[in-house]
Amino acid sequence: MKIVVTGGRGLLGRKLVRRGAVAGHEVVALGRAELDICDEGSIARALDEHGPALVIHAAAMTNVDRAEAERELAFAVNGRGAGHVAQACAARGIPVLALSTDFVFAGTASAPYREDDERDPINVYGASKLAGEDAVLAAGGTVVRTSWLFARDGQGFTNAILRAARSGEPLRVVADQHGTPTWADDLADGLFELGGRPDRSSRIFHVANAGPVSRYELACAIVDAARRVGAKGSEVQ
């Protein structure tokens, strides 16, 4: 299957290319220069040029602090940009899987969130992703929520903890934030499986690894694992 990935230079985009080759898919990972999700003409040209059987929309503004400082940009990218991609796909009869996040929820639940739970974001990033979900669903697309994505070559929480630990400085990590760490390779495989289904009666899916943890518990596990393979670690406080 030929698949176009928006945000193709990001962590998930790179994994989709690698895992797609293993699964026998032709994955065309497009960065902003090839497909600007804020430019409807750019989206149309890219889709018409490549003619994919599926689009995985992974492009997003994911920096939570930056979203707070640049609200309009966050909504332009995560909200309207997602809608532009979904509408262009709908016009061409191309199914689209749009990546979203657990940040669309308030984070106060005592049990794992379900697909049909009420959304109530508490920050600009979550609100902008909620707007994107609504736009994708309105255009007939599918929303795939995930959480705490990580990989060996990523720039997220996992590698930030490793860098800090190797510096020899004490680590201080919050214990009241909980989530489900998700290995990027597993998410990529899940997206391919979902995209290959002939019928997706549901329009929203949660795809994540099992086992919720706190940020503190995750940091401890990261440092312990690094020590076991001979990395220079540091005490997590």
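Which residues lie nearest the centre of the largest pocket? In this predicted model, these are Ala60, Met61, Thr62, Asn63 and Tyr125, out of 47 residues that line the largest pocket. The volume of this pocket is about 1,500 Å³. Its lining draws at least two residues from each of H1, helix H3 (64–69), H4, S4, H5, S6, helix H6 (157–166) and helix H8 (215–228). Among the contributors, H1 gives the most, with 4 residues. By class, 21 of the lining residues are nonpolar, 17 are polar and 9 are charged.

The lining of the second largest pocket divides into 13 nonpolar, 12 polar and 4 charged residues.

The model contains 1 cavity of 30 Å³ or more, and the volume of the largest cavity is about 70 Å³. The residues lining the largest cavity are His57, Ala59, Asn78, Ala82, Ala98, Leu99, Ser100, Lys129, Gly132, Glu133, Val136 and Val143. At least two of the lining residues come from each of helix H4 (71–92), strand S4 (96–101) and helix H5 (124–138). H5 supplies the largest share, 4 residues. In terms of class, the cavity lining has 6 nonpolar, 4 polar and 2 charged residues.

The packing of two helices was also examined. Two packed helices are described by the angle between their axes and the distance between the axes. For helix H1 (residues 11–23) and helix H7 (residues 184–195), the axes come within 9 Å and cross at roughly 65°. The crossing of H1 past H7 is right-handed. On the H1 side, the contact involves Leu11, Leu12, Lys15, Leu16, Arg18, Arg19 and Gly20, which meet Ala184, Asp185, Leu187, Ala188, Asp189, Leu191 and Phe192 of H7. The residues of this contact comprise 8 nonpolar, 1 polar and 5 charged.

A local backbone feature occurs at Trp148. This residue is not a glycine, yet its phi is positive, at about 50°. Trp148 is located in the loop between strand S5 (142–146) and strand S6 (149–150). Because its relative accessibility is 13%, under the 20% limit for burial, Trp148 counts as buried.

Note on methods. Residues numbered from 1 in each chain as written. Predicted model: local features only at pLDDT ≥ 70, side-chain atom pairs only at ≥ 80, totals over all residues. Heavy atoms only, no water. Buried < 20%, exposed > 50% of the residue type's maximum accessible area, 1.4 Å probe, protein only. Axes fitted to C-alpha atoms, helices over the stretch in contact; angles between N-to-C directions. Left-handed = near helix turned anticlockwise from the far one by under 90°. Contact = heavy atoms within 4.5 Å. Nonpolar A, V, L, I, M, F, W, Y, C, P; charged D, E, K, R; others polar. 1 Å grid on protein atoms, 1.4 Å probe; cavity = no way out; pocket = protein on both sides within 12 Å on 5 of 7 lines; lining within 4 Å. Points joined across faces, edges and corners; volume = space filled by probe spheres on them.
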